[in-house]
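Here is a short briefing to read alongside the structure. Have the viewer open, and let's go through a few salt bridges, a sheet and a helix together.

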Amino acid sequence: LSIAKMIPATRNGLLLIGVLFHLVYLLSIFDIYFRSPLVHGMTPHRIPLRAPAKRLVLFVADGLRADKIFEPYHNETTGTTDELAPFLLNKVRTQASWGVSHTRVPTESRPGHVAAIAGFYEDVSAVTKGWKMNPVEFDSVFNESRHTWSFGSPDILPMFAHGASDKSKVDTFMYPPEFEDFSGNGDRLDTWVFDEADRFFDRAAAPGSELNQMMHQDQIVFFFHLLGIDTNGHGFKPYSPEYLNNIRHVDRGIKHLVERFEQFYGDDGETAYVFTADHGMNDRGAHGDGHPDNTRTPLIAWGAGVARTLPVASGLIAPGHTDFSRPWNLDAYERKDVNQADIAPLMASLVGIPLPLNSVGTLPLTYLNATEEFRARAALVNALQVLEQYRVKHDQKKQTEMFFKPYAPMHQPTNSPDHILARIRQAIDSRQYAQAEADCSSLISLCLEGLRYFQRYDWLLLRSIVSAGYLGWIVYSLLFIFKKYVLPLGSGASSNDVYRSSSSAIIGFVGCLAFIAFAAMFYRQRSPAMYYAYAAFPAYFWTEIAQQLPLIQRIMADYMRAS
């Protein structure tokens, strides 16, 4: 067989194989760790009861870390202490549910917005698009709404507009990209958003106009992306006057917009408000990693359907507080922390739209001001939506895998999803709402573990193949060095013949069969084309190593004599 003489006779041949091998195996990182977690084909679910809010207003302060908005600010120049966001903190004390929203790495703008609005943690394959656009389309609160109006940065708004099933249902109002100048004060970006919103309300004020009629529908969303804080954090650091004053600017702007909303809708009590951030900012003016300054962001929700946090008795500390929040002077108000992806099902539940199909968030029931039945049915919808994703992923794997192994905890005879769903529905029918909520929480946790199981299903196989490839390359290269430079033969003799096993043809045949077996399995499982290349290298390296058994014996014999 020709494979019997495939060890390169020159350094250039070895270099060529090495470069090709490392280029191919560099791509294995993306196939192992950067595979999209998204699946499609799920059935949407919605709460079968009247929604507590007709409309949702979402404010996202880009780059705002939690402590900077909640803690009192001490001005060392004047010696005074005040609050940077008096309007929002007044909501915390009088109308809101609040807490810390915990993000995940990468703590960047796109992943944070995707988690809060679509309910899943970033499709890591988006790194190939620079965290800007969608390599795989996904569902979102905006897509499920009747209509969404969004204001802000051209870096964020287009990805939700382009991903909408009906492009006409998401309107975007964006400033030009050149406005994003990190060398100047970034609050002008937020000023543009607030001014554009004022102009929008002026246009909508005309009775009977199309815009006026659209804004009086239910299940509508308004989104305001405020980039100034992030811009000033990068340019001046998060402890700078520019960053802190921008928080004041955002607080004043939000207060003005809330007044515009209430005036436009005649204080009808049908508007829900959510204020949060996509990520925080470390003291160096950067973000992206998992430092707590980057992963802890504020969440304040108030308005229709949102539970008010009542203060505890004087001298007591409300639940949820840690050393992190002790300096905030908010000890009397319960701190309700959430994961960032939990915000999406919360917003969807408030306005009565289907939960985003790809959401892995768990609805924070303590944020809802609703009947016990509504809470229980909302938790059931949340569980059904996550279960849909698990079932689609399960069926996809079962259809393609040759040796399929299901997620065992989901297939217990007395604790299968169908059994749990039956218990939940029975509990709701018998008005045992607390038990139904607990069972929903258990089912959601089980489904999320199952989703992680299938996301990592191929990891063991791929990492084993890649490890075998790298080990094979190391041994393969060492054999070449020994044969060429350590144990050279005299002129006229061929090391390829002297150091080659007499069973080379059989070994080469077995190596070819091994690769064909892997290729057949990959073809059956509809694996990506690169999987064939990953398997080809270890098959080639270890076949060649086995054919060089006499050389290995010579090396070991010389070592034993030398020792």
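This is a predicted model: local features need pLDDT of at least 70, side-chain atom pairs count only at pLDDT 80 or more; totals for chains, interfaces and linings use all residues.

**Arginine 65 and its partners**

- Arginine 65 makes a salt bridge with aspartate 283, and 3.0 Å separates the closest N and O atoms.
- Arginine 65 sits in the loop between β1 and α3 (66-70), while aspartate 283 belongs to the loop between β8 and α12 (292-295), so this pair ties together parts that lie 218 residues apart in sequence.
- A network of salt bridges links Arg65, Asp67, Asp283 and Asp293.

**Other salt bridges**

- In total, the structure holds 22 salt bridges.
- One of them joins the side chains of glutamate 270 and arginine 50, at 3.4 Å from N to O.
- That pair connects distant parts of the chain, 220 residues apart: glutamate 270 is in the loop between α11 (241-264) and β8, and arginine 50 is in the loop between α2 and β1.
- Arginine 326 is partly exposed at 36% relative accessibility, and aspartate 323 is exposed at 63%.

**The sheet around β8**

- Eight strands form an open sheet with mixed pairing, in the order β6-β5-β7-β1-β8-β9-β4-β10.
- The edges are held by β6 (170-174) and β10 (338-339); each has a single partner strand, so one side of each has no neighbour in the sheet.
- Strand β1 (residues 55-61) runs parallel to β8, and six bridges join the two. Within this pairing, arginine 55 has threonine 271 of β8 as its bridge partner.
- β1 also pairs with strand β7 (residues 220-226), again in the parallel sense, over seven bridges. Here phenylalanine 59 stands opposite phenylalanine 224 of β7.
- β8 and strand β9 (residues 296-303) run antiparallel and are joined by five bridges. Threonine 276 faces leucine 299 in β9.

**How enclosed is β8?**

- Six of the six residues in β8 (residues 271-276) are buried, so the strand is largely enclosed by the rest of the structure.
- Side chains in a regular strand alternate between the two faces of the sheet.
- In β8 both faces are covered, with Thr271, Tyr273 and Phe275 buried on one side and Ala272, Val274 and Thr276 buried on the other.

**Helix α20**

- Helix α20 (residues 530-547) has 18 residues, and its first and last C-alpha atoms are 26 Å apart, close to the 26 Å expected at 1.5 Å a residue.

Key:
Residues are numbered from 1 along each chain as its sequence is written. Side-chain values use heavy atoms; hydrogens and water are left out. Helices (H or I, at least four residues) and strands (E, at least two) are DSSP runs, numbered from the N terminus. The expected span of a helix is 1.5 Å times one less than its number of residues. Buried means under 20% relative accessible area, exposed over 50%, partly exposed in between (1.4 Å probe, protein chains only). Two strands pair if DSSP finds at least two bridges between them. A salt bridge is a side-chain nitrogen of Lys or Arg within 4 Å of a carboxyl oxygen of Asp or Glu.
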